[in-house]
Amino acid sequence: MGKYDEIFQRSIKDPNGFWGEAAEAVHWYKKWDRVLDDSRAPFYQWFAGGELNTCYNALDRHVKGGREDQVALIYDSPVTSTIQKFTYAELLDTVARFAGALKGLGVGKGDTVIIYMPMIPQAVTAMLACARLGAIHSVVFGGFAPHELAIRIDDAKPKVIISASCGIEVKRVIEYKPMLNKAIELASHKPRKCVILQRPQAQADLVAGRDHDWDELMAKAQPADCVPVKSTDPLYILYTSGTTGIPKGIVRDNGGHAVALRWSLPNIYNTKRGEVYWAASDVGWVVGHSYIVYAPLFTGCTTILYEGKPVGTPDPGAFWRVISQHGVKTLFTAPTAFRAIKREDPSGEYIKKYDLSNFGYLFLAGERLDPDTYHWAHDRLNKPVIDHWWQTETGWPITANCMGIEQFPVKPGSSTKPVPGFDVQILDTNGAVLGPKQEGLVAVKLPLPPGTLPTLWQADERFLQSYIKVLPGYYFTADGGYRDEEGYTFIMGRVDDVINVAGHRLSTGEMEEIIATHPDVAECAVIGAADSLKGQLPVGLVVLKAGSKKQPKEIRKELAQLIRDEIGPLACYKETAVVARLPKTRSGKILRGTMRKIADGEEYKIPSTIDDPAILGEIEEAMKGIGYAKKKET
Ligand code: COA
Ligand code: AMP
């Protein structure tokens, strides 16, 4: 048996022993009573009875252990021409003082705090300061519009919101404060206090009595100590798109999270204390939580916070510049970033300008890694390119080629094998296990390992409905895929109404709900059509109300603006086809899957349940009218 098989088998057969040993790498104020508490299954609890502090594990223990002068965080911001380095001692000092400031505003253990910030060091400070106090943070990605922020405010009910005057998108200054004000106006829950970081690029007007200036608070703040919390207490809530307009509040606990992430860095990413790790993502996403902030700091690495893009800041050599300048060993990003670089620098000329000798691994996730992009990256970089699959729900990878355990030959299109702790199975819709090469639903046998979602924020029943009741005994991932004879897993895409646009997870169901509010729209469907840069792009099909005088061009523009205003620019909703009717089954279900195939120019079967097959020809024509439904060359 190889090393991977041995470790994997032990993790499944003896989870108590396996994770109990892994937990020794974490600092605990009080050790756990039970490693895995299954007394309330399927609500599993890891390290029940244990007490720890996540911020202590990220910062204090390294300072106490003699790493105070090592750089903990490098803020590299080509959009503001800034590079700033913080040692562990400096970051601890800042975080402890900001925790003191939050405490002064009444934030304590169990309180919720929303963080709506761009990629600046204060975003990391705010997260860690909440963790220090035992408060629960909920970071909202800066590209979301006020309406989305308002939904999250109403669900998380934060005592305090932390934000900044602006973000910077390449050369554009995006003012955050007017969006925050609008969101608070829209929300029913009103936070008592806001803390605003004034950036030099924009000055925000502060609301007297409610808004506080970050710098002024910090100037008078006293450092606050770490507050021990239960292993099972929530560390954060991160909202992610579900199939409707109500996002799911993924809960992360403190103990299981610390153990799993601490284990993952050496074992999956082969990255150790003192090395430089860079997740080119955003703190608003799960990748940013786990691999910009928590895992590298738990491990004693140097982490990079990059405020820029893969291209245009200033050129497609941006990633290679950061890697060589800061000695990055491991880069983690989304395939779309590589497609953007490849498009501007197809022959990889910029790669040759930089010394990448310290660079060890490129990890990609967030969407399917298409074999073309895999080959381009691998051939140009000549380093291992590792596709790994995970979800906001799991918080860390479910399948990967674990570089710290045993390196398997890569099969392009596959994210390799299950990570220890994840008993991945391919099932049919009745829950029967399928054999090799049979495509089905990808599920993980319960219990999930530490670090994965224990439930949804104040929505236990929704947690059960969405993930547990679909396939009894398993966690339902909502991804489809298959395994080959050697156990390599191929993830083929979502089986629900969730799409991935530039690695950003979005709900087509939510877009449909918004489009349906347009006064001229009688009926609509939104599908995710293939896009060579962003992986997928949303495309709408609408039936107008009888008597509507709207021209297709006008509708297209109005719906694009509506989605931008309600969800945000990151939705990238631009195209709408106006059709006379939508294809449906005889029971009235809209055939979105068939329309997606038509949009992508794929072969499709006429579903036997279709009400009127002639509609499909009309859909194809309408799609062609907006540049889709081009037959693939074979
Ligand atoms: N705040 C405000 N607006 C934002 C934003 C933020 N944090 N992030 C994105 N936007 C805006 C962009 O400015 C753009 O606006 P526009 O329509 O007015 O031009 C829109 O949202 C779409 O953004 P994006 O999809 O990022 O497109 P892009 O053309 O700016 O960049 C890529 C394309 C591929 C370079 C970029 O998507 C990328 O780097 N992706 C990596 C993905 C990633 O990190 N995923 C996280 C999971 S690992
Ligand atoms: P998110 O929760 O935003 O991380 O998105 C999770 C979804 O992204 C998954 O359910 C998959 O559909 C998709 N995804 C993430 N990583 C991969 C991957 N390596 N291969 C294929 N799909 C992926």
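In this predicted model, residue Q391 counts as buried, because its relative accessibility is 5% and the cut-off for that label is under 20%. Q391 belongs to the loop that runs between strand β20 (385-387) and strand β21 (399-400).

**The surroundings of Q391**

- Leaving aside residues up to four places away in sequence, Q391 touches V286, I398, Y475, T477, D479, R494 and R505.
- With one of these residues, D479, the contact is polar, since the side chains of Q391 and D479 come to 3.2 Å of each other, and a pair of N or O atoms within 3.5 Å is what a polar contact requires.

**Ligand 2**

- Around ligand 2 there are 14 residues, of which D387, H388, T392, D479 and R505 are the closest; D479 and R505 are also among the residues that Q391 touches.
- The side chain of R505 has an N or O atom 2.7 Å from an oxygen atom of ligand 2, and R494, also touched by Q391, has a polar side-chain atom 2.8 Å from an oxygen atom of this ligand.
- A polar side-chain atom of N500 is found 3.1 Å from an oxygen atom of ligand 2.
- On its own, ligand 2 has 490 Å² of accessible area, and the protein covers 93% of that area.

**Ligand 1**

- Ligand 1 has 22 residues around it, and those that come nearest are E169, R172, K309, K534 and R564.
- Which side chain has an N or O atom 2.7 Å from an oxygen atom of ligand 1? That side chain belongs to R564.
- For R172, the distance from a side-chain N or O atom to an oxygen atom of ligand 1 is 2.9 Å, and for K309 the corresponding distance is 2.9 Å.
- The protein covers 82% of the 940 Å² of accessible area that ligand 1 has when taken on its own.

**Helix α16**

- Helix α16 is made of 15 residues, 552-566, which should span 21 Å at 1.5 Å a residue, and this agrees with its end C-alpha atoms, which are 21 Å apart.
- Which residues of α16 are buried? They are I555, L559, A560 and I563, and because they fall within an arc of 130° when seen down the axis of α16, they line one face of the helix.
- The buried residues of α16 pack against helix α15 (508-515) and against the strands β29 (521-531), β30 (535-544) and β31 (575-578).
- K553 and K557, on the other side of α16, are exposed.
- Just after α16 comes G568, which takes a positive phi of about 135°.

**Helix α18**

- Helix α18 (residues 614-625) has 12 residues, and the distance from its first C-alpha to its last is 18 Å, close to the 16 Å expected at 1.5 Å a residue.
- Its buried residues are I615, L616, I619, E620, A622 and M623, and since they fall within an arc of 165° seen down the axis of α18, they line one face of the helix.
- Just after α18, G627 has a positive phi of about 90°.

**Helix α4**

- The 17 residues of helix α4 (residues 88-104) should span 24 Å at 1.5 Å a residue, which agrees with the 24 Å between its end C-alpha atoms.
- Buried residues in α4 are Y88, L91, L92, T94, V95, A96, F98, A99, G100, A101 and L102.
- Helix α4 is followed by G106, whose phi is positive and near 95°.

**Residue E461**

- E461 is found in helix α14 (residues 460-468); its relative accessible area is 42%, so E461 is partly exposed.
- From C-alpha to C-alpha, E461 and R556 are 38 Å apart in space, while in sequence they are 95 residues apart.

Technical notes:
Residues are numbered from 1 along each chain as its sequence is written. Chains are lettered from A and ligands numbered from 1 in the order in which they are written. This is a predicted model: local features need pLDDT of at least 70, side-chain atom pairs count only at pLDDT 80 or more; totals for chains, interfaces and linings use all residues. Side-chain values use heavy atoms; hydrogens and water are left out. Helices (H or I, at least four residues) and strands (E, at least two) are DSSP runs, numbered from the N terminus. The expected span of a helix is 1.5 Å times one less than its number of residues. Buried means under 20% relative accessible area, exposed over 50%, partly exposed in between (1.4 Å probe, protein chains only). The arc is that of the directions from the helix axis to the C-beta atoms. Contact means heavy atoms within 4.5 Å. A residue is near a molecule or strand if one of its heavy atoms lies within 4 Å of it. A polar contact is a pair of N or O atoms within 3.5 Å; within protein, one must be able to donate a hydrogen and the other to accept it, and residues adjacent in sequence count only if both atoms are side-chain atoms. Accessible areas come from the Shrake-Rupley method with a 1.4 Å probe; for residues, only the protein chains shown count as cover.
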